[in-house]
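Reader: Could you walk me through this model, one question at a time? I would like to see the values behind each answer.

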Amino acid sequence: TMKVTTCGPSGYGSQGYGYGSGEHQYCREEYQTQAYRVPLVTEPKQETCQLAYPAPKEVCVTKSIEITEVKCEDKIERKCFNVAKFEDSSVTIEQKEIVIGEPSCEQLTLTLPTQ
């Protein structure tokens, strides 16, 4: 089945007087069945055919090729910079007793000495 829209005159207007005839149409959708034929194969059909394909051609072309040459060399530069110097020294610390007290929730900014 398939959906088809059919239209016809609505019957509005005067028939035969030259106006109003066919101006207004009434359209509706309806389902119709469509008959069709299905092909039937009763015996296999054998046919011979020839296939052709293109043969490759050998074509010589001269092309220029650019080769990039990379040259490597060692670069030696002398630069001076300060290095840390270590000296022998000793620091004596007196041991003190540590007592844990009540926590203090103050916001502090710590600063470290700079050289």
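**Pairs, strands and surface**

Author: Happy to, and let us start with a charged pair: the side chains of Lys79 and Glu77 form a salt bridge, with N to O at 3.9 Å. A salt bridge here is a side-chain nitrogen of Lys or Arg within 4 Å of a carboxyl oxygen of Asp or Glu. This is a predicted model, in which local features need pLDDT of at least 70 and side-chain atom pairs count only at pLDDT 80 or more, while totals for chains, interfaces and linings use all residues. Residues are numbered from 1 along each chain as its sequence is written, and side-chain values use heavy atoms, leaving out hydrogens and water.

Reader: Are Lys79 and Glu77 buried or exposed?

Author: The scale is relative accessible area: buried is under 20%, exposed is over 50%, and partly exposed lies in between (1.4 Å probe, protein chains only). On that scale, both Lys79 and Glu77 are exposed.

Reader: How many helices and strands does the protein have?

Author: Both come from DSSP runs numbered from the N terminus: helices are H or I with at least four residues, strands are E with at least two. By that reading the protein has zero helices and two strands.

Reader: Which residue pairs with Lys3 in a salt bridge?

Author: Lys3 sits in strand E1 and its partner in strand E2, and the two are 26 residues apart, so this pair links distant parts of the chain. Both Lys3 and Glu29 are exposed. The N to O distance is 3.1 Å, and the partner is Glu29.

Reader: What is the N to O distance between Arg28 and Glu30?

Author: Arg28 counts as partly exposed because its relative accessibility is 46%. Glu30 is also partly exposed, at 23%. Their side chains meet in a salt bridge, N to O, at 3.4 Å.

Reader: How many salt bridges are there by this rule?

Author: In general, side chains of opposite charge can pair when their charged atoms come close. Counted by the rule, the salt bridges come to four.

Reader: Which residues does the disulfide join?

Author: A disulfide is taken as a pair of cysteine sulfur atoms within 2.5 Å, and the count comes to one. The S to S distance is 2.0 Å, and the link joins Cys7 to Cys27.

Reader: Why does that pair tie together separate parts of the sequence?

Author: The link of Cys7 and Cys27 is right-handed, with 110° about the S-S bond. Cys7 lies in strand E1 (residues 2-9) and Cys27 in strand E2, so the parts they tie together are apart in sequence by 20 residues.

Reader: What is the relative accessibility of Cys105?

Author: For context, Cys7 is partly exposed at 46%, and Cys27 is partly exposed at 41%. Cys49 is exposed at 66%. Cys105 counts as exposed, at 81%.

Reader: Which residues does Tyr31 contact, leaving aside its neighbours within four places in sequence?

Author: Tyr31 lies in strand E2 (residues 25-32) and counts as exposed, with 61% relative accessibility. Its C-alpha atom is 6.1 Å from that of Thr1, 30 residues away along the chain. With contact meaning heavy atoms within 4.5 Å, Tyr31 touches Met2 and Lys3.

Reader: What percentage of the residues in the protein is buried?

Author: The protein exposes about 14,500 Å², of which carbon and sulfur atoms supply 51%; the areas come from the Shrake-Rupley method with a 1.4 Å probe, and for residues only the protein chains shown count as cover. Among its 115 residues, the buried share is 1%.
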